[in-house]
Amino acid sequence: LEFWVHFLKRMLTETVAQNNESTFSMKTGGRWVRLNVGGRTFLTTRQTINRFPDSFLSSLCEGLLPSDMDSDNAYLIDRNPDYFTPVLDYLRHGKLIINKHLSEEGVLEEAEFYNLPGLIQLCKERIAYRDQHNSKNKFVYRALQCNDREVASLLSSMSDGWKLKQLVQLSADSCYGHGTEYLCIVSKNYRESSPLLCSKTDDPK
């Protein structure tokens, strides 16, 4: 008796699940697709998924790739759900939209996984722009004191990347024969890998 009770309960559960799925399909006309990404369910249209036919998601939903489904008939995808949102937004709008708590490199990783060349290009452009923007106006400055006889030697001994920003006269030619004193302000982009200054420049005198 217990066997038949258990059997009937299982049959009833499966029937209810099938009816629910059939109802969902009838209401949506098969246009909607469920995606379970890292335990979070996303709902989108088949038209959105198939916007890029060569993508991983399009191949998955068209049955071209083997897949498992959860109890709600959502495709199981073992990826980070936070980084899937920019992917889905790109499929919907064709634009790169990133939450401030996410990194461009993380979205790039997902774009490569889902085989979306357009999104890959957008991520690389955003990363290049970010790195270029962050590097602007970040310089190391040094002030070097020398006299008029040492200025030319000082400037010629600076290593690559250092540039003269300003030459300030400190004092006129003195009676002691030391010549006019100058303060040389030099700068260098700190992101460059060349040495700061050679030893001769560090101590121009």
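**Figure 1. Overview of the protein chain.** From the N terminus on, the elements of the protein chain follow the order α-β-β-α-α-β-α-α-α-β-α-β-β-α. This amounts to eight helices and six strands. The model shown is predicted, with an average pLDDT of 79 for the protein chain and a score of at least 70 for 72% of the residues. Of the 205 residues in the protein chain, 33% are buried. Among contacts with a separation of 6 or more, 59% are between residues 24 or more positions apart.

**Figure 2. The open sheet of three strands.** The strands of this sheet are arranged in the order β2-β1-β3, and their pairing is mixed. The edges are formed by β2 (40-45) and β3 (75-77); each has a single partner strand, so one side of each lacks a neighbour in the sheet. Direction ignored, neighbouring strands are turned against each other by 30 degrees on average. Three bridges connect strand β1 (residues 32-37) with β3 in the parallel sense.

Figure 3. Helix α4 lies across β1 and β2, and runs at about 5 degrees to β2. Seven of the ten residues of α4 (residues 84-93) are buried, so the helix is largely enclosed by the rest of the structure. These buried residues are Phe84, Pro86, Val87, Leu88, Asp89, Tyr90 and Leu91. Just after α4 comes Gly94, which takes a positive phi of about 75 degrees.

Figure 4. Six aromatic pairs are found in a search of the whole structure. In the pair formed by Phe56 and Phe113, the ring centres are 5.0 Å apart and the planes stand at 45 degrees; the pair is therefore tilted. Because Phe56 belongs to helix α3 (residues 56-61) and Phe113 to helix α5 (residues 104-113), the pair ties together parts that are 57 residues apart in sequence. Phe56 has a relative accessible area of 23% and is partly exposed. Phe113 also counts as partly exposed, at 32% relative accessibility. Ring pairs join Phe42, Phe56, Phe84, Phe113 and Tyr114 into a cluster.

**Figure 5. Strand β6 and its two antiparallel pairings.** Strand β6 (residues 181-189) is mostly covered, with eight of its nine residues buried. Strand β4 (residues 139-147) pairs with β6 in the antiparallel sense over nine bridges. Within β6, Ile185 stands opposite Ala143. Strand β5 (residues 163-171) also runs antiparallel to β6, and seven bridges join the two. Here Leu164 has Val186 of β6 as its bridge partner. Strands of a sheet pair through backbone hydrogen bonds, in either the parallel or the antiparallel sense.

Figure 6. Where pLDDT is low, the predicted coordinates should not be read in detail.

Methods:
Residues are numbered from 1 along each chain as its sequence is written. This is a predicted model: local features need pLDDT of at least 70, side-chain atom pairs count only at pLDDT 80 or more; totals for chains, interfaces and linings use all residues. Side-chain values use heavy atoms; hydrogens and water are left out. Rings of Phe, Tyr and Trp (its six-membered ring) pair if their centres lie within 6.5 Å; planes under 30 degrees apart count as stacked, over 60 as edge-to-face and the rest as tilted. Helices (H or I, at least four residues) and strands (E, at least two) are DSSP runs, numbered from the N terminus. Buried means under 20% relative accessible area, exposed over 50%, partly exposed in between (1.4 Å probe, protein chains only). pLDDT is the predictor's confidence in each residue, from 0 to 100. Two strands pair if DSSP finds at least two bridges between them. Axes are lines fitted to C-alpha atoms, for helices over the stretch in contact, and angles run from 0 to 180 degrees between N-to-C directions. Contact means heavy atoms within 4.5 Å.
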